[in-house]
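Please look over the sequence and the three-dimensional view before reading the notes on them. The points below are grouped by topic, so that each can be checked against the view in turn.

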Amino acid sequence: MLWLWIAFHVVVVAALALDLGVFHRRPHAVGIRESAVWSAVWVSLGLAFGAVIYVTRGPELGTQYVMAYVIEKALSVDNLFVFVLVFTYFRVAPEHQHRILFWGVLGAIVMRGVLILGGVALVERFDFILYFFGALLVWSGIKMLRSDDDGIDPEKNPILRWARKLIPMTPEPRQSALWVREPGSDGRLRLLATPLFIVLIFVEMSDLLFAVDSIPAVFGATDDGMVAYTSNIFAILGLRSLFFLVAVVISRLRYLKLGLSGVLVFIGLKMLVKDWIHLDPAVSLAIVLGLLAVATIASLMVLRRDGGAAAGAEEPQAKAVGDSSDE
């Protein structure tokens with residue numbers, strides 16, 4: 001299936017080139033309509049590739065692809081909530097958020113690729129690792145249910161504090177640039193990071209932490225390397241567009257975290273009992289979709305009952321993105 005690997009990467013590179021090089025060449029605030037259109041494009045590409053998997057590699061792998069894609073897409077929503085908090089905290093201008101997310105997604109693709117390929121090698125050599133993944137997902141699901149997103153504070157992150165002290169940085173943002181060359185006190189040009197680079201570091205670290213949940217969850221949906229990798233990457237590619245759409249309503253989905261927690265626990269238990277109970281991929285997919293649908297519908301019903309009042313965490317105190325002082 002070499003041609004399938006080639007086709008996948010050609011589509012991904014071409015779509016990214018069009019996205020950043022043509023449609024988002026100039027920094028601008030992404031509106032709801034534009035976000036919805038691009039979200040639909042990325043979802044369509046992801047599902048279309050799933051259809052190719054279904055036709056060329058069989059219905060079972062095709063169904064596994066869809067389930068892995070849905071799981072990763074659902075888990076990414078919780079990741080996006082962290083991005084909302086980070087952009088609010090650092091007061092990142094709307095026209096610069098897309099660029100940060102673009103480079104964040106590229107970094108995530110590399111990290112996820114390494115983690116997935118490493119995971120495939122481990123599973124093929126040590127089958128018992130799936131039990132570890134299953135237990136990790138159950139623990140992660142319970143932890144997600146009990147977590148409090150209000151406690152997220154970039155100032156307490158040691159890596160960010162270290163970066164601010166050791167990396168030469170401009171005091172203020174330089175439009176959407178991450179690095180710039182500016183004259184120093186001696187008149188020589190030197191390479192400086194901008195405050196947006198600090199934001200990018202936090203975005204990349206956040207995605208790495210979320211990969212601890214999402215990668216094992218993908219292996220709970222499939223043990224096929226191509227299916228695990230392509231479904232994960234297509235789900236990640238749509239994060240940027242989905243961010244601007246989800247940011248408007250994410251705090252109102254009161255029970256979404258409960259649904260995501262249920263998905264992680266279900267996939268984890270499914271991996272733990274795989275030697276005794278085998279669920280058809282279509283049944284597993286229906287359960288995952290059902291959990292997410294119930295959580296979403298329940299959230300919308302409560303929102304309607306409360307007269308549209310937003311539910312969820314309050315926004316953290318905004319801080320200028322260029323402020324590098326330690327508090």
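What follows is a short briefing on this structure, which moves from the whole chain to its spaces and then to two residues.

This is a predicted model, and its chain has a mean pLDDT of 78, with 81% of the residues reaching 70 or more. The chain holds 11 helices and 2 strands, and buried residues make up 50% of its 327 residues.

**Confidence along the chain**

- Among the elements of the chain, the highest mean pLDDT, 89, belongs to helix α8 (residues 225-237), whereas the lowest, 68, belongs to helix α6 (residues 158-166).
- Over residues 308-318 the pLDDT is below 50, although the model gives this stretch 20 contacts beyond near neighbours in sequence.
- Residues 322-327 also have a pLDDT under 50, and for them the model has 14 contacts beyond four places in sequence.

**Overall build**

- By class, the lining of the second largest pocket divides into 9 nonpolar, 5 polar and 5 charged residues.

**The cavities**

- The count of cavities of 30 Å³ or more comes to 2, and about 60 Å³ of space lies in the largest cavity.
- The residues that line the largest cavity are F83, L101, G104, V105, A108, V203, D207 and L239.
- Helices α4 (94-125) and α7 are the elements that give two or more residues to the lining of the largest cavity, and the largest share, 4 residues, comes from α4.
- The lining of the largest cavity has 6 nonpolar residues, together with 1 polar and 1 charged residue.

- T63 is found in helix α3, and T63 counts as buried because its relative accessibility is 18%, which falls under the cut-off of 20%.
- Leaving aside its neighbours within four places in sequence, T63 is in contact with P281, A282 and L285.
- G46 lies in helix α2 (residues 32-57), and because its relative accessibility is 0%, G46 counts as buried.
- Not counting residues up to four places away in sequence, G46 touches Y65, Y69 and F234.
- The C-alpha atoms of G46 and Y65 are separated by 9.6 Å, and these two residues are 19 residues apart along the chain.

Methods
Residues numbered from 1 in each chain as written. Predicted model: local features only at pLDDT ≥ 70, side-chain atom pairs only at ≥ 80, totals over all residues. Heavy atoms only, no water. pLDDT = per-residue confidence, 0-100. Contact = heavy atoms within 4.5 Å. Buried < 20%, exposed > 50% of the residue type's maximum accessible area, 1.4 Å probe, protein only. Nonpolar A, V, L, I, M, F, W, Y, C, P; charged D, E, K, R; others polar. 1 Å grid on protein atoms, 1.4 Å probe; cavity = no way out; pocket = protein on both sides within 12 Å on 5 of 7 lines; lining within 4 Å. Points joined across faces, edges and corners; volume = space filled by probe spheres on them.
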